[in-house]
Amino acid sequence: MQQSAQKYGMVAMTLHWTVAALIVFAVVLALYMGGLDRGNTKDLILGIHKSVGLTILLLTCGRGVWRLTHPAPPLPHTMPILQRHLAHATHALLYVIAVAMPITGYIAVAARGRETSFLGLLPVPILVPLDRALAHNAESIHVYSQYALYALVAGHVGAALYHHFVTRDDILRRMWPRG
């Protein structure tokens, strides 16, 4: 469970890959939902999307706490300083977006007075005032943040593949469950 000097531990890997899979799932749900007319199917998909978003928020917060108490293995000394800074910035921004998108999605719904339940079982309290402008602004941030998410994920995955196939270092293997 502990991280070595060269590889992330099982907890960090599990959180990373679970959040990554949930983000992909949330994006797929959002894209599918965008093509639906109002009705029961869209409401069901939206409910699942909101539960997935809340799960991403909770797991990302847990992952942040884990990361603070279990530092990442150091980057290779051979990695150029600019790449190191870009890696740190990308990771930080991925954390920010994984927290900001669920929060802005929640605010967009709650500020309209619409209820949210977690997995259809636990009601999520409305913690913001009814405010159309707030709802609209939160929705705009939520919608436009997807493009930042796409760019960050593409950069993150691209960099991991670059390091694996071009520089042939252990960057990808540090987070890969095997090897």
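Trainee: How do you know which parts of the model can be discussed?
Mentor: This is a predicted model, in which local features need pLDDT of at least 70, side-chain atom pairs count only at pLDDT 80 or more, and totals for chains, interfaces and linings use all residues. Residues are numbered from 1 along each chain as its sequence is written, and side-chain values use heavy atoms, with hydrogens and water left out.

Trainee: What is the mean pLDDT of the protein chain?
Mentor: pLDDT is the predictor's confidence in each residue, from 0 to 100. The chain has a mean of 93, and 97% of its residues reach 70 or more. Confidence is highest in helix 3, at 97, and lowest in helix 5, at a mean of 90. Helices here are DSSP runs (H or I, at least four residues), as are strands (E, at least two), numbered from the N terminus.

Trainee: Why is the pair R112 and E139 called a salt bridge?
Mentor: The term asks for a side-chain nitrogen of Lys or Arg within 4 Å of a carboxyl oxygen of Asp or Glu. The closest N and O atoms of R112 and E139 are 2.8 Å apart, so the pair meets the rule. R112 lies in the loop between helix 3 (81-110) and strand 1 (116-118), and E139 in helix 4 (residues 132-165), so the pair ties together parts that are 27 residues apart in sequence. In general, side chains of opposite charge can pair when their charged atoms come close.

Trainee: How many salt bridges does the rule give?
Mentor: The count comes to two. D170 pairs with R173, their closest N and O atoms being 2.7 Å apart.

Trainee: What makes R112 and E139 partly exposed?
Mentor: Buried means under 20% relative accessible area, exposed over 50%, and partly exposed in between (1.4 Å probe, protein chains only). R112 has 33% and E139 has 35%, so each falls in the middle class. D170, at 41%, and R173, at 30%, are partly exposed as well.

Trainee: Why is L119 called exposed?
Mentor: Its relative accessible area is 55%, so L119 passes the limit for exposed. L119 sits in the loop between strand 1 and strand 2 (122-124), and its phi is near 60 degrees, a positive value in a residue other than glycine. R168 also has a positive phi, about 55 degrees, although it is not a glycine. R168 is in the loop between helix 4 and helix 5 (171-175) and is exposed, at 63%.

Trainee: What makes S145 buried?
Mentor: S145, in helix 4, has 12% relative accessibility, so it falls under the limit for buried. Leaving aside neighbours within four places in sequence, S145 is in contact (heavy atoms within 4.5 Å) with I97 and M101.

Trainee: How do you know that the span of helix 2 is close to the expected one?
Mentor: The expected span is 1.5 Å times one less than the number of residues. Helix 2 (residues 40-69) has 30 residues and reaches 44 Å from its first C-alpha to its last, close to the expected 44 Å. Its buried residues, including I45, L57 and W66, pack against helix 1 (10-34), helix 3, strand 1, strand 2, helix 4 and helix 5.
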